Amino acid sequence: MTGWRFSPGGRAAGTDRRFTIVPGCANLKSPPRLLPVSAMSDTESLPDPLPDRSCGECSVCCVALTIDDPALRKAQGYRCQHLAREGGCGIYETRPHTCRTFYCGWRRLKWVRAPLRPDLSDVLIQLHWEASHQDGPKRLGVAVTLLHRRALKAEGLAETLAAAVAAGAPVFLNIPGPPGFTMAQAKINAALEAAVAARDKAGVLRILTDLYVRGRGGPRKRVVLGPAPAG
Ligand code: SF4
Ligand code: SF4
């Protein structure tokens, strides 16, 4: 059975925190050590943004994610104060470092299906690193947030998750709580493996639906941020 735990949304002292850090899974016998992308150098092994994908009208990451940057702090689920009413960043030229360097999985990963642009699909994919306990090899994984129940109907969702599971990438499912609270989170590779191996798309979606329903009732904590930016 897939176990749920909350994802931390709070401050990590001494690190250049970016968007939400992805934690380990409580039900694993040997939980992986997970690193935020910000714990690595900016360029280390991260795929470049894809030239044929642009954010367009999307501004999901400016609302859905926790940003804990010295220049801007906000908890997930709240709209950034700089997000213009008609969309777009109101301080684009001077936006914080976090915002300058963040690209979601849809922007960076070719195997994330094209219809999954976050604002059109309600699916937000983030990259993170999973490391073995004692400085073992680091593996690039994804955290997939289903922002709304209708995300389960998004074209390409099952295929994208199947591709990640089949490739052995760590896949975590995030189900948001109320604004200001952490997401419930579980590693879902084991839950999906049999359906993926059988190429059973309906089975993958059934399992995801069940995980979504259980994740809605999963554990959460209030997000704790660093001190508010000066001025
Ligand atoms: S969620 Fe992705 S596509 Fe949407 S604005 Fe952020 S980086 Fe761009
Ligand atoms: S500062 Fe701009 S880019 Fe950064 S979260 Fe706010 S609106 Fe988005």
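Trainee: How do the residues of the shell around ligand 1 divide into nonpolar, polar and charged?

Mentor: First, note that this is a predicted model. The shell around ligand 1 divides into 9 nonpolar, 1 polar and 2 charged residues. Among the residues that surround ligand 1 are Cys-55, Cys-58, Cys-61 and Cys-104. Arg-107 and Arg-117 also belong to this shell, as do Tyr-103 and Trp-106.

Trainee: Which residues surround ligand 2?

Mentor: Ligand 2 has Cys-62, Cys-80, Cys-89 and Cys-99 around it, with His-82 and Arg-95 among the others. Ile-67, Leu-72, Leu-83, Ile-91 and Pro-96 complete the list. By class, that shell has 9 nonpolar, 1 polar and 1 charged residues.

Trainee: Now helices. At what angle do H5 and H6 pack?

Mentor: Two packed helices are described by an axis angle and an axis distance. Here H5 (residues 157-166) and H6 (residues 189-197) pack at about 100°, and their axes are 10 Å apart. Angles of 65 to 115 degrees count as roughly perpendicular, so H5 and H6 are roughly perpendicular to each other.

Trainee: Which residues of H5 and H6 meet?

Mentor: H5 brings Leu-161, Ala-162, Val-165 and Ala-166; H6 brings Asn-189, Leu-192, Glu-193 and Val-196. This contact divides into 6 nonpolar, 1 polar and 1 charged residues.

Trainee: How many bridges join E6 to E7?

Mentor: 4 bridges join E6 (residues 138-146) to E7 (residues 171-175), and the two strands run parallel. Ala-143 has Phe-172 in E7 as its bridge partner.

Trainee: What do E6, H5 and E7 make?

Mentor: Together E6, H5 and E7 form a right-handed β-α-β unit.

Methods. Residues are numbered from 1 along each chain as its sequence is written. Chains are lettered from A and ligands numbered from 1 in the order in which they are written. This is a predicted model: local features need pLDDT of at least 70, side-chain atom pairs count only at pLDDT 80 or more; totals for chains, interfaces and linings use all residues. A residue is near a molecule or strand if its C-beta atom, placed from the backbone, lies within 6 Å of it. Ala, Val, Leu, Ile, Met, Phe, Trp, Tyr, Cys and Pro count as nonpolar, Asp, Glu, Lys and Arg as charged, and the others, Gly among them, as polar. Axes are lines fitted to C-alpha atoms, for helices over the stretch in contact, and angles run from 0 to 180 degrees between N-to-C directions. Angles under 35 degrees count as roughly parallel, over 145 as roughly antiparallel, 65 to 115 as roughly perpendicular and the rest as oblique. Two residues are in contact if their C-beta atoms, placed from the backbone, lie within 7 Å. Two strands pair if DSSP finds at least two bridges between them. A crossover is right-handed if, with the strands pointing away from the viewer, the path from the first strand over the helix to the second runs clockwise.
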